[in-house]
Amino acid sequence: MWDKNIEDLKIIQKILSGDKNLYREIINKYQQKVRTYCFNFLSDKDLADDTAQEIFLKAYQGLKSFKGQSSFSTWLFRITFNHCSDVLRKRNKQNLISLEGLIEKEGDKIEALLFTSEDHTLVIEEEELLRQLISAFPERYRTILILREVNELSYEEIADILHCSIDSVKGRLKRARKEVAKQVRHLTEPINV
Amino acid sequence: MSKKVEESMNYEEIEEKLFSLVGKTRKADFSSDFTDNVMQQIYELKKEDEKKATVIPFKKSISFVTITAIAASFIFSIFSINESISTENILLAEVPDSYYWAFSNSEDSDLEVLIGESREEI
């Protein structure tokens with residue numbers, strides 16, 4: 001990880017010296033992670049790509065303020081999750097579906113997914129449903145769940161991004177997973193008459 | 001259907017399965033178009049900066065002293081207006097070129113601006 005950071009720092013220094021075309025390398029290297037986060041956080045492909053573009057533009061404009069105290073990847077992810085939260089706040093919340101609403105609407109399909117075998121390969125519709133499910137997670141849990149479960153970042157990286165300890169990341173992640181699982185289970189329980 | 005979950009899966013199992021499924025979702029595909037789009041915006045950003053710099057050269061348009069003087073006089077006017085409206089409803093202010101300005105917001109009229117060569121004329 002440290003070697004990668006040195007490599008990034010060298011590229012950034014060259015960009016700041018005037019070789020702006022090298023920023024292409026940075027975008028190529030990180031676009032999948034950033035776009036994956038945006039897509040899962042916002043659950044709208046076009047909006048996610050627009051947001052990801054804004055993030056890379058913002059990072060380029062703020063490159064001078066990157067001091068190398070954390071890795072570039074961490075710095076970029078901080079911009080990513082802050083910007084995604086801003087976009088979500090500005091977006092008309094009427095368009096967003098709550099976790100309860102989604103489970104009520106798609107409960108049977110979600111439940112069917114829970115009973116698939118371990119080696120089950122997701123079809124496009126199932127992936128779409130899972131993305132909707134992730135983006136319906138309460139916002140306080142969504143960031144940490146996407147960073148860990150989708151982007152597969154280490155606890156250390158997440159702690160750096162969220163400015164907290166590794167123990168805190170583990171604790172928050174545990175609570176987030178339990179809370180979401182609880183809601184999925186609770187809302188699929190049969191109604192006793 | 002729901003009963004099946006109730007009977008055969010506990011919280012831990014649901015949690016494990018749910019997040020193993022989430023982990024299976026595909027990551028975004030690499031897109032060279034995406035990179036090109038961002039780079040295009042960066043080039044345009046540069047052009048825009050250059051354009052701004054050539055269209056409005058600060059030194060040629062107006063001096064710093066002039067801007068400061070205008071700003072100071074404007075701020076002073078605003079403060080004076082607020083104060084006079086709340087107390088005497090009228091303000092007389094002398095301006096550098098010997099003209100007088102008066103602002104009035106008496107109860108039977110809207111805010112008026114009067115300009116004259118002397119207090120008497122206003």
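1. Start with the interface: chain B and chain A together bury about 4,500 Å², with 63% of that on carbon and sulfur atoms. Keep in mind that this is a predicted model. On the chain B side, the residues that lose the most area to chain A are Tyr11(B), Phe19(B) and Phe34(B), which together make up 15% of what that side buries. In terms of contacts, 39 residues of chain B meet 50 residues of chain A.

2. Asp36(B) makes a salt bridge with Arg24(A), where the closest N and O atoms sit 2.7 Å apart.

3. Who supplies the chain B face? α1 (2–8), α2 (11–24) and α3 (32–55) of chain B each put at least two residues into the side that touches chain A. α2(B) gives the most, with 12 residues. By class, that side of chain B splits into 17 nonpolar, nine polar and 13 charged residues.

4. Worth a look, too: the second largest pocket, with about 270 Å³ of space. It is lined by 13 residues, and the closest to its centre are Phe39(A), Lys45(A), Arg131(A), Ala28(B) and Asp29(B).

5. What is that lining made of? In the second largest pocket, nine charged and four nonpolar residues form the lining, with no polar ones. From chain A, α2 (23–42), α3 (45–61) and α6 (124–135) each supply at least two lining residues, and α6(A) gives the most, with four.

Terms used. Residues numbered from 1 in each chain as written. Chains lettered and ligands numbered in written order. Predicted model: local features only at pLDDT ≥ 70, side-chain atom pairs only at ≥ 80, totals over all residues. Heavy atoms only, no water. Contact = heavy atoms within 4.5 Å. Buried area = accessible area lost by both parts, 1.4 Å probe. Salt bridge = Lys/Arg side-chain N within 4 Å of Asp/Glu carboxyl O. Nonpolar A, V, L, I, M, F, W, Y, C, P; charged D, E, K, R; others polar. 1 Å grid on protein atoms, 1.4 Å probe; cavity = no way out; pocket = protein on both sides within 12 Å on 5 of 7 lines; lining within 4 Å. Points joined across faces, edges and corners; volume = space filled by probe spheres on them.
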